[in-house]
Amino acid sequence: MYRTHTCGELRMEHLDQSVTLSGWVQKVRDLGGMTFIDLRDRYGITQLVFNEESKDLCERANELGREYVIQVKGKVAERSSKNNKIETGDIEILASELTVLNSSELPPFTIEEDTDGGDELRMKYRYLDLRRSSVRDNLVLRHKMAFEVRNYLNSENFIETETPVLIKSTPEGARDFIVPSRMNDGQFYALPQSPQVFKQLLMVGGFDRYFQIVKCFRDEDLRADRQPEFTQIDCEMSYVEQDDVLNAFEGMTKHLFNKIKDVDLNFDFPRLTYADAIKYYGSDKPDTRFEMKFVDLTEDVKDSEFKLFNSAEYVGGICAEACASYSRKQLDQLTDFVKRPQIGAGGLIYIKFNADGSIKSSIDKFFKPEELMKLGEHFNAKAGDLVLILAGGLDKTLNALGALRLEMGERLGLRDNNTFSPLWVVDFPLLEWDEDSKRFHAMHHPFTSPKQEDLALLETNPGAVRANAYDLVINGVEIGGGSIRIFNDELQQRMFKLLGFTEEEAESQFGFLMNAFKYGAPPHGGVAFGFDRLVALFAGIESIRDVIAFPKNNSGRDVMIDSPSPVSVDQLNELKITLQTKEKE
């Protein structure tokens with residue numbers, strides 16, 4: 001037996017017991033005649049004591065290096081100098097035997113919370129990074145959340161069903177990862193971006209409540225909340241309307257908050273239309289932990305003497321409470337912020353409603369004090385408040401104002417990770433126009449059902465058609481999304497035609513689904529939660545990479561195993577694949 005207890009288990013009630021521990025050497029402290037070792041395993045840290053009464057044992061302990069794997073036998077004793085930073089801080093082990101199970105080279109970075117290893121170094125040695133408690137805690141959290149997802153959905157009669165990983169490439173959505181088929185010359189599988197068509201086929205097959213915690217793959221540029229392979233909680237239900245789906249997965253979300261974070265979200269999640277989300281927050285994933293809604297001033301200032309306002313498609317602003325004391329330097333910083341290339345505003349206009357009742361503005365040469373006061377009334381601005389205004393093209397300005405709102409929320413401490421503000425965003429547009437291809441694309445996917453009341457607009461005004469689609473947003477993060485699906489062949493054919501598919505293309509890509517719809521497909525709909533994003537939200541961190549055991553870097557590479565990497569000529573020949581040589585410039 002390598003151990004009788006773990007390194008996070010022993011307490012005062014174990015005093016005087018003889019125990020055996022095994023783990024990694026975290027730290028060695030030689031105090032001359034007495035040596036202390038912090039021994040670490042997955043469960044915690046226990047202090048070991050080697051004293052001068054056993055000189056040989058003490059000398060051997062001093063020879064140990066960081067990350068040596070050792071076994072120690074000894075007796076539990078009370079610590080004279082207690083450590084309240086660790087769970088075992090009241091006790092220590094008086095070592096009587098020491099066995100080195102394995103030595104270790106000096107690690108390339110310290111296995112501690114305040115590690116000296118950068119991201120790339122830690123990713124290269126991810127197996128060492130996994131030993132750090134913060135990384136381990138994130139993965140334990142992930143495990144617990146997956147367990148509770150299964151508990152909840154099982155209690156609601158959902159059946160977990162696996163779907164294929166090698167599937168057919170389809171043209172909609174992100175770029176596919178493709179896999180050559182050796183047995184079928186010149187043909188390729190694709191890795192699934194989601195199990196979308198399969199979960200719909202399961203509904204046709206009578207599995208009226210399906211779920212799967214499933215790997216998905218998208219060949220797209222990476223951000224903090226994206227990886228080339230990621231995990232979804234994928235779900236589908238038959239004989240449901242939008243409210244049925246929202247109620248079911250609002251229940252799952254509340255269950256997770258209660259069981260994992262001991263937080264009771266004992267209220268109905270608000271529902272916000274897509275149009276209002278853009279109008280008031282400039283985003284379809286608004287952070288509603290704080291107000292600071294947009295105020296549209298376009299009509300109020302269109303006849304002013306200020307040319308920028310007169311020529312702008314949109315003029316709008318936000319009110320930051322109790323910020324009239326902002327200095328010129330702080331206002332310049334905000335101006336520089338909105339002028340960043342990724343935000344793209346031309347400048348920033350401010351109105352200070354000072355605590356003494358006076359008004360100071362960057363446009364006071366164009367507006368009288370009473371006119372500025374009237375503008376402030378649109379914001380319900382009071383003494384001490386600061387109004388910030390942007391003007392320009394509609395979409396660009398709404399986006400920039402949304403970024404400014406989040407920046408002010410951050411500066412004012414209004415984006416607390418321990419506060420949770422969930423909402424459903426509903427009534428998305430069914431389609432979005434693409435200028436490059438000069439055609440409509442499905443905003444969600446081609447199987448999303450239009451609103452029944454908008455069906456007549458499909459051919460006459462497709463851009464105005466709303467979808468039976470919905471997203472769950474928490475603290476400005478899109479946690480999941482889904483829709484009620486098209487389930488009859490005639491409407492699906494209309495949708496394909498609208499998206500520019502010929503009958504032959506639709507048959508080639510989705511004929512199997514269309515055939516299934518001919519055999520009594522029930523009404524159905526579903527949702528997919530970004531599991532990695534949900535775990536990151538619960539962990540209070542931004543990057544999903546930190547909740548994945550073996551993630552890729554920002555270039556989509558696994559630097560630990562050096563992947564992707566070239567394959568042998570023999571493998572390529574077997575697959576009948578020839579690589580193009582890049583010509584030198």
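This is a predicted model: local features need pLDDT of at least 70, side-chain atom pairs count only at pLDDT 80 or more; totals for chains, interfaces and linings use all residues.

User: How many bridges do S1 and S4 pair over, and in which sense?

Analyst: Seven bridges, antiparallel, between S1 (residues 18-30) and S4 (residues 69-78). Pairing takes at least two DSSP bridges between two strands. Strands are DSSP E runs of at least two residues, helices H or I runs of at least four, numbered from the N terminus.

User: In what order do the five strands close into a barrel?

Analyst: S1-S2-S3-S5-S4, with mixed pairing. Neighbouring strands of this sheet are turned by 55° against each other on average, direction ignored.

User: Which strands does H1 touch?

Analyst: H1 (residues 55-62) touches S1, S2 (34-41), S3 (44-51) and S5 (91-102). Contact means heavy atoms within 4.5 Å. The direction of H1 makes about 65° with that of S5. Axes are lines fitted to C-alpha atoms, for helices over the stretch in contact; angles run from 0 to 180 degrees between N-to-C directions.

User: Switching topic: at what angle do H5 and H14 cross?

Analyst: Roughly 20°, with the axes of H5 (residues 196-204) and H14 (residues 503-517) coming within 10 Å. So H5 is roughly parallel to H14; the cut-offs are under 35 degrees for roughly parallel, over 145 for roughly antiparallel, 65 to 115 for roughly perpendicular, and oblique for the rest.

User: Which residues meet there?

Analyst: Val197, Gln200, Leu201 and Val204 in H5 meet Phe512, Leu513, Ala516 and Phe517 in H14.

Notes:
Residues are numbered from 1 along each chain as its sequence is written. Side-chain values use heavy atoms; hydrogens and water are left out.
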